[in-house]
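Me: I would like to learn how to read salt bridges, a core and a hairpin from coordinates. Can we work through one case?

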Amino acid sequence: MSKENIIGTNFIMTNRDLITKFGVNSAVMLGELYGRMNYFRKRNELKFGYFFATKESIEKNTKLSPYKQRKVTSILQTEGILNIKHIDIPPKTYYKINEEKLMKVLKNSVVENIDNKRLKI
């Protein structure tokens, strides 16, 4: 297996700025959800921007217990980055990532990092 194939498979991408701002569990959860969103987006299977994931599948992939998932989704919802709905019968949990808010958080982190580096010079 080539290096490119190893790098492109079975990874959860996280952002260091998100880890700093929200904690590692939130960043891991967001990375997992973002990967799922892209999967459903490529298949044109988003429902008004929402995609579903079970707590069990998230736990399997991230090792975040349902309790930790609730904690981090609460943080991300409070920040306006994540929306959650329960749809269908029996109810499935659907997630929607507010990419605009996420980009704003990341942009602010980059600006803060640049400003902090300037102050150290």
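**Reading the features**

Reply: Start with arginine 43, which is partly exposed at 45% relative accessibility. Buried means under 20% relative accessible area, exposed over 50%, and partly exposed in between (1.4 Å probe, protein chains only). This is a predicted model: local features need pLDDT of at least 70, side-chain atom pairs count only at pLDDT 80 or more, and totals for chains, interfaces and linings use all residues. Residues are numbered from 1 along each chain as its sequence is written, and side-chain values use heavy atoms, with hydrogens and water left out.

Me: Which residue forms a salt bridge with arginine 43?

Reply: The rule asks for a side-chain nitrogen of Lys or Arg within 4 Å of a carboxyl oxygen of Asp or Glu. Here the partner is glutamate 45, with the closest N and O atoms 3.3 Å apart. Glutamate 45 is partly exposed, at 35%.

Me: How many salt bridges does this rule give?

Reply: The count is three. Arginine 36 pairs with glutamate 32, closest N and O atoms 2.8 Å apart. These two sit four residues apart in helix 3, so about one helical turn separates them. Helices (H or I, at least four residues) and strands (E, at least two) are DSSP runs, numbered from the N terminus. Arginine 36 is buried at 16%, and glutamate 32 is buried at 9%.

Me: Which residue forms a salt bridge with arginine 41?

Reply: Glutamate 99 does, with the closest N and O atoms 2.7 Å apart. This pair links distant parts of the chain: arginine 41 lies in helix 3 and glutamate 99 in helix 6, 58 residues apart. Arginine 41 is partly exposed at 34%; glutamate 99 is also partly exposed, at 27%.

Me: How do I read the nonpolar core?

Reply: In soluble globular proteins, nonpolar side chains tend to be buried together. A nonpolar core is a set of buried Ala, Val, Leu, Ile, Met, Phe, Trp, Tyr and Cys residues joined through side-chain atoms within 4.5 Å. The largest one has 22 residues, and Leu18, Leu33, Tyr95 and Ile97 touch the most other members. Helix 3 gives the most, with seven residues.

Me: Where does the hairpin sit, and what is its turn like?

Reply: Two strands pair if DSSP finds at least two bridges between them. Strand 2 (residues 82-87) and strand 3 pair in the antiparallel sense over six bridges. Leucine 82 has isoleucine 97 as its bridge partner in strand 3. The two strands form a hairpin with four residues between them, and aspartate 88 in the turn has a positive phi of about 80°.
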